[in-house]
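Welcome, and thank you for taking a look at this structure. Here is a short report to read alongside it.

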Amino acid sequence: MNFNINDIIRENVKKMKPYSSARDEFEDFDTAQMIFLDANENPFENGVNRYPDPQQQSVKSILGQNKGLQKKQILLGNGSDEVLDLLFRGFCEPKTDNIITLPPTYGMYSVLANLNDVTNKEVLLTNEFQPNVEAILEAVDANTKIIFLCSPNNPTGNSFSDESVVYLLNNFNGLVVIDEAYIDFSTKASWVNELDAYPNLVITQTLSKAYGLAGIRLGICYASEAIIGVLNKIKPPYNVNELTQQRAIERLQQPAKIDLEIASIISQRALLLKALLKVNFVEVVYPTEANFVLIKVDDANKRYDELIAKGIVIRNRTTQPLCDNCLRLTIGTETENKKLIEALTLSGF
């Protein structure tokens, strides 16, 4: 591999000077007694009258300690979707470059490609829902900037083999972005541990799933200092608000509670998988390392409508490649899962 980040950064991004906010102009001061007259803020204290920390240093400190990384290797965004969008805007030239995605997968990769006028080359997963490495590399050309891997994958629930990921990292001179939104429910180690070995590796994670903070919209990007530097250059100055930062810190300081919730979800997942095997119209229960399970049924549209009628909302994935007549079920609470199982196994259903 001959990866050089300067070969893939957009020329206009290389040349641009980032916006410098009022709070970027000083650091390493004790701000407790300082008078702030620099940002045209309302001076009356109410907890949110000041602009938030543009670099979210307190949140990054906790994440960095948890992951064994420096804060300069971390970028935070308004949900993972903003992080993904920044990757497009930093490295993909509109109307010229392309990215590779592996359907069935998370739909926002395609949406963001369209939004940024970047071609999305789709290379289907194998029938075992694994990357077709040979086909992926055949699809790569001089303008391919990013390969997106969702592992554990949404909607299939499985993780990609280490061998496939390593081969792509070693043989592709662009960014390999591994979306680990569901990594906390997997027995596999995060690829965060391999950042030093692969300069083209980017990992995205989120506080929306295992941490139960979908409502605050906080996405995370882990990468080399060089890659994070590019993203910091183009991100909005105050992209993560003060309330989000406060709530994230509060939650991150409760690791024991988070671990208990994850353990409960994994335990309930095992019970649901066992129960699904006894449902007469369920044809396949796919292995999962996420907080959901994909199942193949006799008639996805029919079964989806029947569950809606019983007040249970699931996701119908039958229109996705390789997912004919497939439904995706999120693991709920013990009570919610019992109601789901009862609805699925009810006589005459």
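## The loop with L322 and N325

L322 sits in the loop between strand 10 (315-316) and strand 11 (326-330), and N325 is placed in the loop between strand 10 and strand 11 as well. Strands here are DSSP runs (E, at least two residues), and helices are DSSP runs too (H or I, at least four residues), numbered from the N terminus. This is a predicted model, in which local features need pLDDT of at least 70 and side-chain atom pairs count only at pLDDT 80 or more, while totals for chains, interfaces and linings use all residues. Residues are numbered from 1 along each chain as its sequence is written, and side-chain values use heavy atoms, with hydrogens and water left out.

Most residues other than glycine have a negative phi. L322, however, has a positive phi near 65 degrees, and N325, also not a glycine, has a positive phi of about 60 degrees. L322 has 31% relative accessibility, so it counts as partly exposed (buried means under 20% relative accessible area, exposed over 50%, and partly exposed in between, with a 1.4 Å probe and protein chains only).

## Two cis peptide bonds

Most peptide bonds are trans. The bond from S151 to P152 is cis, with omega near -5 degrees, and P152 belongs to the loop between strand 4 (144-150) and helix 6 (162-171). P155 is also in the loop between strand 4 and helix 6; a cis bond with omega of about 25 degrees links N154 to P155.

You can find K209 in the loop between strand 6 (201-206) and strand 7 (219-222). Its relative accessibility is 32%, so K209 counts as partly exposed. Leaving aside residues up to four places away in sequence, K209 touches A181, Y182 and F185 (contact means heavy atoms within 4.5 Å).

## Helix 2 beside helix 8

Helix 2 (residues 57-67) packs against helix 8 (residues 242-252) at an angle of about 25 degrees, and their axes are 9 Å apart. Helix 2 is therefore roughly parallel to helix 8 (angles under 35 degrees count as roughly parallel).

From helix 2, the contact involves S58, V59, I62 and L63, and from helix 8, Q245, A248, I249 and L252. These contact residues comprise six nonpolar, two polar and no charged.

Definitions and conventions
Axes are lines fitted to C-alpha atoms, for helices over the stretch in contact, and angles run from 0 to 180 degrees between N-to-C directions. Angles under 35 degrees count as roughly parallel, over 145 as roughly antiparallel, 65 to 115 as roughly perpendicular and the rest as oblique. Ala, Val, Leu, Ile, Met, Phe, Trp, Tyr, Cys and Pro count as nonpolar, Asp, Glu, Lys and Arg as charged, and the others, Gly among them, as polar.
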